[in-house]
Amino acid sequence: MNSGESPPAPTVVVLSGAGLSTESGIPDYRGPNGLWRRDPDAEKLVTYSFYMHDPEIRRRSWRMRRDNPAFRARPNSGHEALARLERSGAARVRVITQNVDGLHQLSGLPDDAVLELHGSIRSVECTGCGARSAMAEALARVDAGEDDPDCRGCGSILKSATVMFGQSLDPDVLGEAVRLTQECEVFLAVGTSLQVQPAASLAGLAARHGARLIVVNAEPTPYDGLADQVVRGSIGQVLPPLLDALRR
Ligand code: NAD
Ligand code: ZN
């Protein structure tokens, strides 16, 4: 029987990583020009125990935050192609991002289409009372001469509202990511080395639940063998035509 209605738009879940934002001028960690290949010590800046116990690491972190290119970055053709696919209505696009730069939202994807698995650099959280505030406010204090600003409420250490190594993910956000992954028709991993868990394991979960798994990355990932399609190349060039093909 044909009711005359077109079938519902498939759900495309996108797991994005730092490689999606390199063409916006934000370096990744593990790519050929990644921060960790240039400065092996940089890993300490995003490791919770070092951050909490070493004031010098915190001072370096605040200087890095102040100079972070992400605050001036604009979405690139990869982010824009994803937003275009969502707007076209040809697919229901849900992004699970490991990125903390907020560029998916700036590209025009609605807030409720983006799950920030690793948090956001645009907010600050207190490690004592949990209070949240704007990053811009904390950076203004750094500019005014405070090299390690503390919580105005309780005096504890402040950090960016990102998930550092050694911290657990927000269980509600992870639970929603798992649900989306289990229910999607297409799972696209883009610009991620798929080496950070539990984010990377979502690719395997998607494949086990019958989604079409597509990996788009310049370098091989541990999940390429499971994928239905592996696309190598620069994301800004290969992602727009790949997504346009999904609209047909
Ligand atoms: P990663 O650094 O481990 O891997 C990035 C991958 O992208 C690499 O394999 C690299 O070859 C590939 N890549 C880089 N530029 C590319 C391009 N233009 N085209 C195609 N491929 C490209 O990144 P990850 O898997 O996201 O894990 C890093 C962790 O660091 C995440 O937890 C994330 O939170 C954090 N991080 C975020 C940002 C950001 O928000 N933009 C930047 C750096 C690190
Ligand atoms: Zn506090």
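1. Setting aside neighbours within four places in sequence, valine 215 makes contact (heavy atoms within 4.5 Å) with Ala189, Thr221, Asp224, Ala227, Gln229, Val230 and Val231. The model is a predicted one, where local features need pLDDT of at least 70, side-chain atom pairs count only at pLDDT 80 or more, and totals for chains, interfaces and linings use all residues. Residues are numbered from 1 along each chain as its sequence is written, chains are lettered from A and ligands numbered from 1 in the order in which they are written, and side-chain values use heavy atoms, with hydrogens and water left out.

2. Staying with valine 215: this residue sits in strand E8 (residues 212-216). Helices (H or I, at least four residues) and strands (E, at least two) are DSSP runs, numbered from the N terminus. Valine 215 is buried because its relative accessible area is 1%; buried means under 20%, exposed over 50%, and partly exposed in between, with a 1.4 Å probe and protein chains only. Glutamate 80 is 135 residues away from valine 215 along the chain, and their C-alpha atoms are 18 Å apart.

3. Now the overall layout. The chain splits into domain 1 (1-26 + 75-118 + 168-248) and domain 2 (28-72 + 124-162), with bounds from an automatic or database domain assignment. Their centres, taken over C-alpha atoms, are 28 Å apart. Twelve residues of domain 1 are in contact with nine residues of domain 2.

4. Where does ligand 1 lie relative to domain 1 and domain 2? Ligand 1 lies between them, because both give residues to its shell. There are 27 residues around ligand 1, and Glu23, Gln98, His118, Ser193 and Glu219 come nearest; a residue counts as near if one of its heavy atoms lies within 4 Å. Sorted by class, the shell has eight nonpolar, 14 polar and five charged residues. Here Ala, Val, Leu, Ile, Met, Phe, Trp, Tyr, Cys and Pro count as nonpolar, Asp, Glu, Lys and Arg as charged, and the others, Gly among them, as polar.

5. On the polar contacts of ligand 1 (pairs of N or O atoms within 3.5 Å), a nitrogen atom of the ligand is 2.8 Å from a polar side-chain atom of threonine 22. A polar backbone atom of isoleucine 235 is 3.0 Å from a nitrogen atom of ligand 1, and a polar backbone atom of glycine 191 is 3.4 Å from one of the ligand's oxygen atoms. The protein covers 93% of the 860 Å² of accessible area that ligand 1 has on its own, by the Shrake-Rupley method with a 1.4 Å probe.

6. Aspartate 28 is in the loop between strand E1 (11-16) and helix H1 (35-38). At 15% relative accessibility, this aspartate counts as buried. Not counting residues up to four places away in sequence, aspartate 28 touches Ala18, Gly19, Thr22, Asn33, Gly34 and Leu35.

7. Serine 123 belongs to strand E4 (residues 119-126). Buried or partly exposed? Serine 123 is partly exposed, because its relative accessible area is 22%. Beyond four places in sequence, serine 123 touches Arg132, Ser133, Met135, Ser160 and Ala161.

8. Two backbone details to check by eye. The peptide bond from glutamine 197 to proline 198 is cis, with omega near 5 degrees, and proline 198 is in the loop between strand E7 (186-190) and helix H9 (201-208). Leucine 194 also lies in the loop between E7 and H9; its phi is near 55 degrees, a positive value in a residue other than glycine. Leucine 194 counts as buried, at 3% relative accessibility.

Technical notes. A polar contact is a pair of N or O atoms within 3.5 Å; within protein, one must be able to donate a hydrogen and the other to accept it, and residues adjacent in sequence count only if both atoms are side-chain atoms.
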